[in-house]
Amino acid sequence: MLNKSSLGKLRSVFAVGFILTISMALTSYIDSSFLDTFISKTRVGILFTVASFASLVYIANTPKILSKFGVVGTMQITTSAYILSILGLVFSHTPILLEIFFVVYWVSAVAMYTSLDVLISEYSDGVSTGKTRAFYLTIYNLAFLIAPFIAGILVDTIDFRGVYLVSGFFVLCMSLFFTHSFKSLKLFPKKNGFNFISNFVDLFKNKDLRNVYLVSFVMNFFFAWMTIYMPIYLFENIGLSWQEIGAVFAIMHIPYVLLEIPWGKIADEILGEKEIMGAGIIIIGLCTISIGFITSKEFWVWACALSLTRIGASMLQVTTESYFFKKINKEDTNKISVFRNASPIAMIVGPILATLALSIANFQELFIILGIIVLLALIPNYKLNDTK
């Protein structure tokens with residue numbers, strides 16, 4: 001049972017996470033389309049790969065950075081870097097400068113979330129890990145429910161750069177609230193001699209951590225392809241307006257908001273994570289394959305199709321988080337860093353494979369391929385030892 005002080009701090013972390021995610025969600029689904037206005041689609045994929053590789057380098061050095069600057073200092077530095085990169089994206093017009101600012105923007109966003117992970121582990125207990133992580137993810141997805149709709153309206157009425165300015169404003173607000181809430185916090189996690197390769201190997205020696213990592217990787221691979229290629233596909237191939245696309249993306253996040261807390265509670269008290277995780281993989285895989293056969297230009301068809309994939313994703317997202325954090329202790333920042341690299345590695349591998357796939361397949365077939373890849377996650381899921 002959490003004490004009053006820890007509960008209060010957790011609420012502050014959740015509030016920070018919500019404001020931060022509003023900012024991230026405003027721009028996440030327009031990033032690829034914004035970049036597509038001044039560089040080629042192939043170069044867009046390469047830039048996402050470069051940005052994700054840079055994020056991976058940061059995550060590999062997270063324990064060292066946190067031990068030197070502390071969680072508060074690291075958040076302040078990375079928040080400043082994010083705001084400066086937003087200004088660079090808004091006011092620069094040279095492609096190479098925009099690409100540099102985009103990499104800084106991407107890495108600093110990853111860095112802020114990594115710091116919040118450490119804070120959640122610091123103020124949580126092991127008994128209610130599933131519910132705590134589910135609540136945090138619900139807050140995260142509530143922001144994604146609101147922001148894409150706003151972003152779609154802003155793109156249609158202003159332009160892409162205006163959306164980035166609004167995003168920067170939210171991060172500035174988040175920074176002020178974070179500094180006020182945690183100004184007295186002296187948290188400098190131990191470095192523990194972190195070496196990325198050796199710690200990656202160490203994590204993979206543990207059968208359960210290895211398999212949940214692989215499932216998380218496939219989930220993030222799914223997110224990578226969807227985030228980069230679905231907005232372009234809906235706008236250029238299907239013909240939806242940005243306001244319609246924003247509304248579709250808002251609606252598809254409803255399952256996250258409604259279902260992740262119940263999934264976390266079920267995982268804690270009834271089934272454990274393995275069964276929910278497996279069902280989520282099947283739902284995502286089959287529904288993503290079906291997207292490859294949809295040719296309708298109707299808004300509601302796409303809202304329903306993408307929402308179905310997110311029902312599965314809501315199951316997968318909360319159970320991979322819950323399972324992993326039940327298997328480690330809160331001081332183990334090394335394993336957290338390795339686990340968190342699943343997302344940037346997926347963002348490195350995803351665009352490369354998508355570029356190769358698009359050389360032999362069209363956009364519709366890309367999603368059929370993605371669905372098949374997702375179903376392969378049933379293999380590591382089957383090998384997990386359940387927590388119940």
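## Overall fold

Helices here are DSSP runs of H or I with at least four residues, strands are E runs of at least two, and both are numbered from the N terminus. On that basis the protein chain has 17 helices and zero strands. The radius of gyration is 20 Å, close to the 21 Å that the globule rule gives for 388 residues, so the chain is as compact as a globular protein of that length. (That radius is taken over C-alpha atoms, and the globule rule is 2.2 Å times the number of residues to the power 0.38.) Along the principal axes, the C-alpha atoms fill a box of roughly 50 × 45 × 35 Å.

A word on the ground rules: this is a predicted model, in which local features need pLDDT of at least 70 and side-chain atom pairs count only at pLDDT 80 or more, while totals for chains, interfaces and linings use all residues. Residues are numbered from 1 along each chain as its sequence is written, and side-chain values use heavy atoms, with hydrogens and water left out.

## Burial, contacts and surface

How much of the chain is buried? Buried residues make up 59% of the 388, where buried means under 20% relative accessible area, exposed means over 50%, and partly exposed is in between (1.4 Å probe, protein chains only).

Now for the contacts, meaning heavy atoms within 4.5 Å. Take those with a separation of 6 or more: residues 24 or more positions apart account for 86% of them.

## Charges and salt bridges

The chain carries 28 positive and 23 negative side chains, and the centres of the two sets lie 10 Å apart. Lys and Arg count as positive and Asp and Glu as negative, with His and the chain ends not counted; each charge is placed at NZ of Lys, CZ of Arg, CG of Asp or CD of Glu. Side chains of opposite charge can pair when their charged atoms come close. With a salt bridge defined as a side-chain nitrogen of Lys or Arg within 4 Å of a carboxyl oxygen of Asp or Glu, the count comes to four.

One of them joins Glu-99 and Arg-43, whose closest N and O atoms are 2.7 Å apart. Glu-99 sits in helix H5 (residues 95-123) and Arg-43 in helix H3 (residues 41-60), so this pair ties together parts that are 56 residues apart in sequence. Glu-99 is buried at 8% relative accessible area, whereas Arg-43 is partly exposed at 38%.

## Two lysine bridges

Lys-335 pairs with Asp-202, with 3.4 Å between the closest N and O atoms. Lys-335 belongs to helix H14 (residues 333-340) and Asp-202 to helix H8 (residues 196-205), so parts 133 residues apart in sequence are tied together. Here the lysine is buried, with Lys-335 at 18% relative accessibility, and Asp-202 is partly exposed at 36%.

Lys-327 bridges to Asp-208, again with the closest N and O atoms 3.4 Å apart. Lys-327 lies in the loop between helix H13 (299-326) and H14, and Asp-208 in helix H9 (residues 207-238), so the pair ties together parts 119 residues apart in sequence. Lys-327 is partly exposed at 35% relative accessibility, while Asp-208 is buried at 9%.

## A few residues to look at

Which residues does Met-226 touch, not counting those up to four places away in sequence? The list is Pro-231, Thr-288, Ile-291, Leu-306, Arg-310, Phe-367 and Leu-370. Met-226 is in helix H9 and counts as buried at 1% relative accessibility. From Met-226 to Leu-306 is 80 residues in sequence but 9.8 Å in space, C-alpha to C-alpha.

Leu-308, in helix H13, is partly exposed at 43% relative accessible area. Leaving aside neighbours within four places in sequence, Leu-308 is in contact with Ile-283 and Cys-287. In the loop between H13 and H14 you'll find Asn-329, also partly exposed, with a relative accessible area of 43%. Asn-329 and Glu-122 are 207 residues apart in sequence, with their C-alpha atoms 9.8 Å apart.
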